[in-house]
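Here is a short note to go with your first look at this structure. Keep the view open while you read, and take the points one at a time.

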Amino acid sequence: MIPLLILAPLILLAAIGAVWMARPVHAALMLALTLALVAVLYLALGAEFIGLVQFAVYVGAVAVLIVFSLLITRRGDEAEEIERRPKSLITGLLCTVPVLAVLAYSAIFGSNIKLIPWEAKLTIAELGETLFSSHAPAVLALAVLLTAVMIGAALFAREPGKTPEDPAEK
Amino acid sequence: MKIKLPGLGLLEGLAVTGKNMVQSFYKKERMTTVQYPEERAPISPNFRNFPFLVYDKDPQAGLRCTACSICEKECPPQCIYIVLERDENGKSLKRPKVFDIDISVCMNCGICAEVCPFDSIYMDGEYEMSTDDRFGGLLLGLDRLSKSAEYHMKLRPEQASEVMARRKADEEKKAAAAAAKAAKAKADAEAKKAAEQEKGGEA
Amino acid sequence: MKKTFLDRHRAGCPDHVARASCPPPNQNQAFILPLAAATAEPSLFSPEFLPRLPQRLVEMILTNFGVPDWLVTIAGFLVAAGTVVAVFLSAFALLSLIERKTLARAQNRIGPNRAGWFGILQPVADGIKMLTKEDIVPAKAEKFLHLLAPILIVVPAILALGVIPYGREWTPVPLELGLVFFFAVGSLTELSVFMAGWASGSKFPMLGAMRAISQMVSYELPLIISALGVIMVSGTLSLPHIVDLQGGFQLGFIPSWNIFTPWGLFAGLLFYICSIAEANRCPFDLPEGESEIVAGHMTEYSGFKYALFFMGEYLGLLAIAGLFVTLFLGGWQAPLPGLGFVPTWFWFFGKLALVIFSYLWIRATYPRVRIDQLMRFAWLCMIPMALLTLPAAGIWHFTGRGLLSWVVVLPLMLVPWVIVAVIFNRRLATTTRTYRFADT
């Protein structure tokens, strides 16, 4: 319970920082911090594999992807401030408060929710076996989807009608 | 036909550096590092740095410089300062009283050595002249500039031996001319004396 | 061979063939294998025990004074971490000197030999120089991120050093998921490189950071894929167990390290090349090459922050070299039978020294790779070859791991490699250049 009590406010603060920060790169770094804290939460909950993989994938790849796209699309080093409008705050609140209320209601008063006992941990061998035997179709479908996405991205990135030339060939 | 397997060039490169690594320990021609300041690299005979004055045997009396100031006038950055030594009557003693070269100004061009008519100023090869005295330490006076002709011979053997041969030939010519003049004067004196004797005999 | 606690759990497995299908020991343990499980310890004053001496001494002293158990454990861990940090920081200092001297010898000159006998005090002189330099922060830099970046580069490297097994049962933090932890903290380095580049607020660091991140991300893939083969064959993610499984000898004198297997040869070579790229070393040091981009993402750093970058890079190099030794070269296993009296950490550090020497040798020899050549090499050449090692490892395992497997798997790996090498060679072959203006 204690890790949750310490981490949850930090995660919320970091998430609020991710959307509140004026400059985009700061927001991206706060997002990376949020994801890292979530990974710490997973580790504290005893899900070691998922925690470390969250770190490796989200902080190490997704956050890097976001900052990379920021770097590429920024021209020069203009300090871009995101303007804040009071009207968007009201719209945001109108969208988020109902969702949070529904979540809280179902968490507190829901009848189908079972809390996982603290000590029951999934070992990595069991995780691997379950993933590739009973959930194998889902994993395979995901793999096909990701391959298709990669091929599509590569095709998109090419200029139409040109084959990539090796500059060293000339 | 030599089949070049791709990737073997990488190993050849590694072999080259590996050979360097091993052989630099025991092969003298590979390790060309000169461990300054324990060793010094030899300087080439054409290397020139700052000027120096040549004296023949005695640093005061044998100094070849006559303070003609040609080098002072020809020096492009004007780094030479010469004061002629005169006696009490104002007659020049053909010696410099003050001969200063500011080597922080000197640009090592060697023009002073080219124009000197008395073979007295040549370019030195010394390069360890650094000092911590910022204001006077780089102003060299007569005492630091005068070096012997043997030093010149050791520094630039070709040039020095050519200079010495020329000076010796000049001196011999001068001595021969002086001897011829003396002989001629003696012959004239004797002829005069004989003529006077004849005249005396006649009278 | 001393009975480790892993040996006791493996008692049910008859031969090394069934090793991978043998359940790894005691899967229902906690996250960190508890210290108490390592009960079969060598005697207190043997040379084998030397790395653990500080930790055990502190624990014994504290228990004598009646300090509670959890505090003793924490203190023990702190001392172990402190030992690792102390050893590797002095290794970093020594490495900086040895690198300069080795590179010098490869270039037919003497390295630094003025600061102390044979230059042994040169790292001290470098440290004093770095500490006394003025700390210049550009006016347009983000102060907080500019300060945070060098710290965040050193921290993952030190974290990664904690999971590598340095000797028999001496891993500072023996994690069940050691390998995933290693790669996770390795990914943190990329983000901190970006922070360093962007927080400096000028063009060279940003460009350098972009190139550095793209290089590190591209080469992380073949790195992890070639490590996957090892994980498949060993059946575990914990590094001490992987090293344990590389014990024993085949044909009497060939150690059964992972690099002496048909797939391991190629996977090891791929891992080696990717480790050079991950550590930003020549020939992949475009992000920090002096003649290319001044110092890349480290341009605007001076004084001790630069020293921290330097330290982070070298510690990362030591960590990933240690991982290479662990995964492929058999960790602390002795190379020949009958050498059991030599303490195991000696073998580990000896192999590590050889690997680092090879890094230095490669640095002295090869020119720098251009950024497009680098990316092309990673995506077009290394990832397919790395993916090929996975079925090769599987086939090797299922054909009995003996001579038959060599005969079957070696052509399977060798033929695509030769084909790709010939294709690359032909595409990149240098033709005689014709100059437009110089020939007239």
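1. A helix is a DSSP run of H or I with at least four residues, a strand is a run of E with at least two, and both are numbered from the N terminus. The expected span of a helix is 1.5 Å times one less than its number of residues. With that in hand, look at helix 2 (residues 24-44) of chain A: at 1.5 Å a residue its 21 residues should span 30 Å, and the end C-alpha atoms are 30 Å apart, so the two values agree.

2. A word on the basis of this note. The model is predicted: local features need pLDDT of at least 70 and side-chain atom pairs count only at pLDDT 80 or more, while totals for chains, interfaces and linings use all residues. Residues are numbered from 1 along each chain as its sequence is written, and chains are lettered from A and ligands numbered from 1 in the order in which they are written.

3. Back to helix 2 of chain A. Just after helix 2 of chain A comes A:Gly46, with a positive phi of about 95°.

4. Now turn to chain B, which has six helices and six strands. From the N terminus on, they follow the order α-β-α-β-β-α-β-β-α-β-α-α. Of the 203 residues in chain B, 15% are buried.

5. What is the radius of gyration of chain B? It is 30 Å, whereas a compact globule of 203 residues would be near 17 Å; the radius is taken over C-alpha atoms, and the globule rule is 2.2 Å times the number of residues to the power 0.38. Along the principal axes, the C-alpha atoms of chain B fill a box of roughly 120 × 55 × 30 Å.

6. Finally, find the open sheet of three strands in chain B, with order 4-1-6 and mixed pairing; strands pair if DSSP finds at least two bridges between them. Strand 4 (121-123) and strand 6 (146-148) of chain B are at the edges with a single partner strand each, so one side of each has no neighbour in the sheet. Strand 1 (residues 51-55) of chain B pairs with strand 4 of chain B in the antiparallel sense over three bridges, and B:Phe52 stands opposite B:Tyr122 of strand 4.

Terms used
Buried ≥ 20, exposed ≤ 12 C-beta atoms within 10 Å, placed from the backbone.
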